[in-house]
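Visitor: I would like to learn how to read a few features of a protein model, step by step. Could you guide me through one?

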Amino acid sequence: RAASPCPWLHRARSGRSAPPPAWASPAAHAPRPPPPLPPPAGPLRYRRRTAGGARPVEPPPPPPPPRGAEREPPPAVDFGDPREAFRSKSSAELLRGLVVLGLCAVGPLVEHNRELLRVCQRVLGQALFERLMKMTFYGQFVAGEDQEAIKPLIRRNQAFGVGAVLDYSVEEDLSAEEAERKELDSCTSAAEKETGGAEQREKQYRAHRGFGDRRGGVISARTYFYADEAKCDQHMETFLRCIDASGGSSENGFSAIKLTALGRPQFLLQFSEVLVKWRRFFHQMAAEQGQAGRAALEMKLEAEKLQEALANLGIATKAESQHWFTGENLGMSGTVDLLDWNSLIDSRTKLSKLLLVPNMQTGQLEPLLSRFTEEEDLQMKRMLQRMDVLAKRATEKGVRLMVDAEQSYFQPAISRLTLEMQRRFNRDRAIIFNTYQCYLKEAYDNVTVDVELSRREGWHFGTKLVRGAYMEQERERAAQIGYEDPINPTYEKTNEMYHRCLDYILEEIKHSWKANVMVASHNEDTVKFTLRRMMELGIHPSEKKVYFGQLLGMCDQITFPLGQAGFPVYKYVPYGPVNEVLPYLSRRAQENRGFMQRANRERDLLWREVKRRLLTGSLFSPNH
Ligand SMILES: Cc1cc2nc3c(=O)[nH]c(=O)nc-3n(C[C@H](O)[C@H](O)[C@H](O)COP(=O)(O)OP(=O)(O)OC[C@H]3O[C@@H](n4cnc5c(N)ncnc54)[C@H](O)[C@@H]3O)c2cc1C
């Protein structure tokens, strides 16, 4: 067996000393991003570290162009005007929308949709079934069968100011038993299977049979199960085709990927546990130094005391830890903050001792990562290579790559690996976008810590902000297995968290042109909140720093008025053959049923527009 080397942990901390990658040269890729606006003047806020260790203050940036001074103010956007909302739609599409949303409101139909679809398929035969689907659900929520077929819809949306995030939506239709078997097998290492070592892992970061089928209670997101390395390669090829199609079909396109499609989830589980334990240890140290309850970035450990604690716990002698907390790992004030502490994971985990973390309750040192077999070690490296291939292709094609957020037991690792990609690929512009789920109690800490890292290291922060798709499953898993629920206690708390995180990023955009955010939400209040704050902060839509995102076939009354008013707005555009996107369609039906109030509003607007066209005699006219 080979000891787990964890190559992603060993990468140079900021990579600043490494030569710029080939794609960073101006001639290396097209289209080139527009030259960045000079950063705004004002009080110096950010420190940047150097290899020498001190944190010199950045030189003052050149003065900015006066924000919004010579530009038209952004137009007001009306989300209640059916004519604006459906200007791009033919009358047949409006009627289809009414029928589909109407069917989604019928409880028994939605509950038994999978069985009903199967019966329809058998009774009608494949050809007729496909036609029926294209006239209804498939036509409403899916753009077409392949990259060619979706082009007309993408062009039409573009003409109305709406971009595309391509999302190949084919899903395996596994049985629950198959999903459970695959999950248990791929989330446990060979060593753990032999020795039962998985029991030593924290409950949250172990696979559990009852929750092996990760699709349970999830309607907004697709789920991948690990089969083998060849399957992961296939997923990578699919993502590559998506990136190519995004590059070919629109300027400034986006493509979405999921990391659970690219490798064995076991690594994501184990790495998540490592990251969480390191962070928890930092918080415990902070509590011992009387700083419990502070926001993550406000906690500053006194290096002297920390070294004493590390020595007492047997992690490192004072002499050993002396040089950890000098230079780039120590703030000027002699304190260690969470970012300093995290950087130790990069630079120190090659010391086998630091693969151990102290359990404050038992006073024991416990292993963070079990040993991997050579095959597992290779599988882990291949996952990282696949991510690398995708990021390079996205850079070449000028396509932004959004890494979706997934379950809380994978998410620390997903987010950290994405951050590593951002450090490498976001030097000139934001190519890689991370996703933050605001239903998580720790969302604000996660956002602020990562923004601060991007400031210190000088790369472009890119994020998609969502509320989160896995709430029911997360809650049930936490309750049944017995760990703290990671989700905010109420919907209102999630909303508060969303707006707080968003506000922090908008402030960051105001002060530094390097941050970017996609407000991925169907919530009208959140979109209005964003517009108001953009106006107050003087962030103009033409700067293309704040994007909006909704799913195809949902909430057009939000997407199209935004696009027509000149705000950068995108639809997640699913595509794939009819038979293979049925699980996706089934989830769309459930989501529309779940958010009845919103679906009712959409139906009301559709109905008003149909009536208006009828009364003005423009129902069959192309110029409605
Ligand atoms: C373009 C796009 C991309 C997306 N990408 C991802 C992704 O990568 N990862 C991901 O997880 N999701 C993703 N989602 C789904 C998203 O997280 C939400 O599930 C979905 O959009 C509904 O949230 P909302 O803001 O649109 O609407 P709302 O109806 O305002 O919010 C519903 C959401 O609020 C939260 N919530 C509801 N009730 C409670 C409660 N009692 N307590 C606490 N919280 C509650 C839940 O997150 C729920 O999904 C994406 C959505 C879009 C539109």
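Guide: Let us begin with a term: helices are DSSP runs of at least four residues, numbered from the N terminus. This model is a predicted one, and in it helix H21 is followed by glycine 566, whose phi is positive, near 95 degrees.

Visitor: How many helices and strands does the chain have?

Guide: The secondary structure of the chain comes to 23 helices and 12 strands, and buried residues make up 56% of its 624 residues.

Visitor: What describes two packed helices?

Guide: Two packed helices are described by the angle between their axes and by the distance between those axes. Here the axes of H19 (residues 491–511) and H20 (residues 524–537) come within 11 Å and cross at roughly 30 degrees. Because angles under 35 degrees count as roughly parallel, H19 is roughly parallel to H20, and their crossing is right-handed.

Visitor: Which residues of H19 and H20 meet?

Guide: The residues that H19 brings to this contact include Tyr498, Leu502, Asp503 and Lys510, while those in H20 include Phe529, Arg533 and Leu537. Taken together, the residues of the contact divide into 5 nonpolar, 3 polar and 4 charged.

Terms used
Residues are numbered from 1 along each chain as its sequence is written. This is a predicted model: local features need pLDDT of at least 70, side-chain atom pairs count only at pLDDT 80 or more; totals for chains, interfaces and linings use all residues. Side-chain values use heavy atoms; hydrogens and water are left out. Helices (H or I, at least four residues) and strands (E, at least two) are DSSP runs, numbered from the N terminus. Buried means under 20% relative accessible area, exposed over 50%, partly exposed in between (1.4 Å probe, protein chains only). Axes are lines fitted to C-alpha atoms, for helices over the stretch in contact, and angles run from 0 to 180 degrees between N-to-C directions. Angles under 35 degrees count as roughly parallel, over 145 as roughly antiparallel, 65 to 115 as roughly perpendicular and the rest as oblique. A crossing is left-handed if the near helix is turned anticlockwise from the far one by less than a right angle, and right-handed if clockwise. Contact means heavy atoms within 4.5 Å. Ala, Val, Leu, Ile, Met, Phe, Trp, Tyr, Cys and Pro count as nonpolar, Asp, Glu, Lys and Arg as charged, and the others, Gly among them, as polar.
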